[in-house]
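Colleague: Hi! Could you walk me through this one, a bit at a time?
Modeller: Happy to, here it is.

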Amino acid sequence: DIDAEEANRRAEEIIAAGLAPADPLESLIAINLAPGAYTAVVRGVNDTTGVALFEVFDLAPSSSHVGNISTRGRVAGGDSAMIGGFILGGRAPTKVIIRALGPSLAAAGVTGALQDPLLEVHDGNGSLLVSNDSWRSTQENEIIASTIPPADNREAAIVATLPSGPYTAVVRPANNGSGVALVEVYNLDSP
């Protein structure tokens, strides 16, 4: 719980950063977090459904570091791809591994997991930079060296050193299927 003065200070910080939601029905949480792993859950009010955008902004990047971000959602063909956007900051390029998981979710008890995810990485202009269907088909040694290869050979992964800027990881079904998938981006240059 925070007091009214702290809540007002955070609201002013969000507004000054240009990050206030455009619609009063949209939600926002401004919080200082200690180092650790966190989960944010987006749900529709009164069980409504639809497409939502979840964003995390680091308002003090000089004193903190985001090591990983992931999104779980339902994937199908066409416009029903899952999209995970991320922005890399700093002056030097950042080495990342991007993973699209499906079959290993089923092994963890997730019902209806996507059986064969296809992963694409696009730059800020929407241009396709690289794609992968099965992680052992390309970059196997680099992915193993990351120490976090996918658990199932049907899952996709890409290791890349990318300059600062916006990127999009897109997960599609490789075989016209559908199901629940997880897209993850790990900073391999994390301290």
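Modeller: Let's begin with Val130, which is partly exposed at a relative accessible area of 31%; buried means under 20%, exposed over 50% and partly exposed in between, using a 1.4 Å probe and protein chains only. A word on the source: this is a predicted model, where local features need pLDDT of at least 70, side-chain atom pairs count only at pLDDT 80 or more, and totals for chains, interfaces and linings use all residues. Residues are numbered from 1 along each chain as its sequence is written, and side-chain values use heavy atoms, with hydrogens and water left out.

Colleague: Thanks! Where is the place of Val130?
Modeller: Val130 sits in strand β5, residues 128-132. Strands here are DSSP runs of E with at least two residues, while helices are runs of H or I with at least four, and both are numbered from the N terminus.

Colleague: How many residues of strand β4 are buried?
Modeller: Six of the seven residues in β4 (residues 117-123) are buried. β4 also pairs with β7, antiparallel over seven bridges, and Leu119 stands opposite Val171 in β7.

Colleague: New topic: what about aromatic pairs?
Modeller: The structure has one. Phe86 and Tyr167 are stacked, 5.6 Å centre to centre with 25° between the planes. Rings of Phe, Tyr and Trp (its six-membered ring) pair if their centres lie within 6.5 Å, and planes under 30 degrees apart count as stacked, over 60 as edge-to-face and the rest as tilted.

Colleague: Which parts does the pair tie together?
Modeller: Phe86 is in strand β2 (residues 82-88) and Tyr167 in strand β7 (residues 165-173), so the pair links parts 81 residues apart in sequence. Phe86 is buried at 8% relative accessible area, and Tyr167 is buried at 7%.

Colleague: Last one: is Arg99 buried or exposed?
Modeller: Buried, with a relative accessible area of 10%. Arg99 lies in strand β3, residues 94-101.

Colleague: What does the side chain of Arg99 make a polar contact with?
Modeller: The side chain of Glu184, at 2.6 Å. A polar contact is a pair of N or O atoms within 3.5 Å; within protein, one must be able to donate a hydrogen and the other to accept it, and residues adjacent in sequence count only if both atoms are side-chain atoms. A polar atom of the Arg99 side chain also lies 2.7 Å from the backbone oxygen of Ile148.

Notes: Pairing = 2+ DSSP bridges.
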